[in-house]
Amino acid sequence: MLREVMREIKSKITPMFLFFSILVTIALISFAVYRSQNYQLRDSLNYFTFILDGGLPITFPIIAILVFVASFSGEVKNRFLTYSRMRRPIMDTVYIKLTANIILTCLFFFILIFVSFLFAYYIEPHLGVAEYDPEGYGLTKDNIKADTYTRHTFTQLLKYGTFTYGILYSLWVGINAAVYSSIGFFLVLIMKNRFLALTLPYIVYLIVSFTLASLGIETYRPNYVIFPFDYLQNPIWTAFVPFFVLTVGLFWLTTYVKRNTSKVDSLT
């Protein structure tokens with residue numbers, strides 16, 4: 001199965017996919033470089049969050065779907081899954097493609113976030129693009145490092161090293177992206193309206209975020225638990241509450257498709 005998964009991943013890494021990956025990364029960093037001309041920032045952590053706090057929190061589920069599920073939707077429409085019955089059980093094909101989706105989407109976002117992290121911490125300081133004024137925020141050389149530990153959720157990890165924070169936070173975003181894309185993956189299988197199936201994770205992401213904000217429960221907003229830069233620091237465990245809800249929903253979708261293979265039109 002692993003060989004089939006790797007083959008599936010390789011088939012998706014097309015020139016268009018690579019172009020899309022590079023375009024998103026360049027657009028994210030370039031937009032931050034342009035905007036930073038009008039701001040005075042605290043430090044590299046502030047610049048890192050500045051990169052990510054532009055359009056990414058709004059477009060996150062859409063980009064997650066585009067990485068794999070969008071092309072997978074075309075395969076479902078063209079009845080590719082049903083043709084694979086000649087070689088293997090249909091659910092084996094589903095699991096192969098689901099695993100490829102999880103790996104590719106997680107890797108895509110991990111690289112995107114980690115490259116942004118490397119730019120903010122190790123490239124931008126040499127370029128001198130941004131203007132830093134930590135004193136304007138009441139910070140000095142003696143307290144600025146301690147300030148980063150309490151600035152946002154997950155920056156607690158900076159106590160264990162800058163790279164530890166960069167790697168673990170990048171992985172956190174990647175895993176969340178994989179969950180959203182996997183939910184979209186199963187919706188494409190279940191729903192006849194492909195456009196609705198592809199956009200439903202994004203719609204739910206927005207509705208839940210706005211609903212929780214109106215109820216005053218902003219701690220658990222989907223956008224805040226993934227990109228916690230506009231909110232006070234919370235214990236890291238709070239971010240896992242909505243993540244747990246998502247994984248339960250994903251588990252239910254997986255179970256439903258497995259138990260109702262003969263009733264799902266795209267698999268018959």
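Asn-143 is found in the loop between strand 2 (131-132) and helix 8 (144-149), where helices (H or I, at least four residues) and strands (E, at least two) are DSSP runs numbered from the N terminus. The structure is a predicted model, in which local features need pLDDT of at least 70, side-chain atom pairs count only at pLDDT 80 or more, and totals for chains, interfaces and linings use all residues. Residues are numbered from 1 along each chain as its sequence is written, and side-chain values use heavy atoms, with hydrogens and water left out.

**Polar side chains and the backbone**

- Asn-143 is partly exposed, with a relative accessible area of 30%; buried means under 20% relative accessible area, exposed over 50%, and partly exposed in between (1.4 Å probe, protein chains only).
- The side chain of Asn-143 reaches the backbone nitrogen of Thr-140 at 2.6 Å.
- Asn-46 belongs to helix 3 (residues 44-52) and is buried, at 12% relative accessibility.
- A polar atom of the Asn-46 side chain lies 3.0 Å from the backbone nitrogen of Arg-42.
- Not counting residues up to four places away in sequence, Asn-46 touches Leu-41, Tyr-137 and Arg-151, a contact being heavy atoms within 4.5 Å.
- Ser-21 is located in helix 2 and is buried, with a relative accessible area of 16%.
- In the side chain of Ser-21, a polar atom lies 2.9 Å from the backbone oxygen of Phe-17.

**The two sides of helix 1**

- Helix 1 (residues 2-12) has the buried residues Val-5, Glu-8, Ile-9 and Lys-12.
- These residues lie on the same side of helix 1 because they cover an arc of only 100° around the axis; the arc is that of the directions from the helix axis to the C-beta atoms.
- The exposed residues Arg-3 and Lys-10 are carried on the face of helix 1 turned away from its buried side.
- The cover over the buried residues of helix 1 includes helix 2 (15-35), helix 5 (69-77) and helix 7.

**Packing of helix 7 and helix 9**

- Helix 7 (residues 90-127) packs with helix 9 (residues 162-190) at an angle of about 145°, and their axes are 7 Å apart.
- Axes are lines fitted to C-alpha atoms, for helices over the stretch in contact, and angles run from 0 to 180 degrees between N-to-C directions.
- The crossing of helix 7 and helix 9 is right-handed.
- The contact of helix 7 with helix 9 has 24 nonpolar, eight polar and one charged residues.

Technical notes:
A crossing is left-handed if the near helix is turned anticlockwise from the far one by less than a right angle, and right-handed if clockwise. Ala, Val, Leu, Ile, Met, Phe, Trp, Tyr, Cys and Pro count as nonpolar, Asp, Glu, Lys and Arg as charged, and the others, Gly among them, as polar. A polar contact is a pair of N or O atoms within 3.5 Å; within protein, one must be able to donate a hydrogen and the other to accept it, and residues adjacent in sequence count only if both atoms are side-chain atoms.
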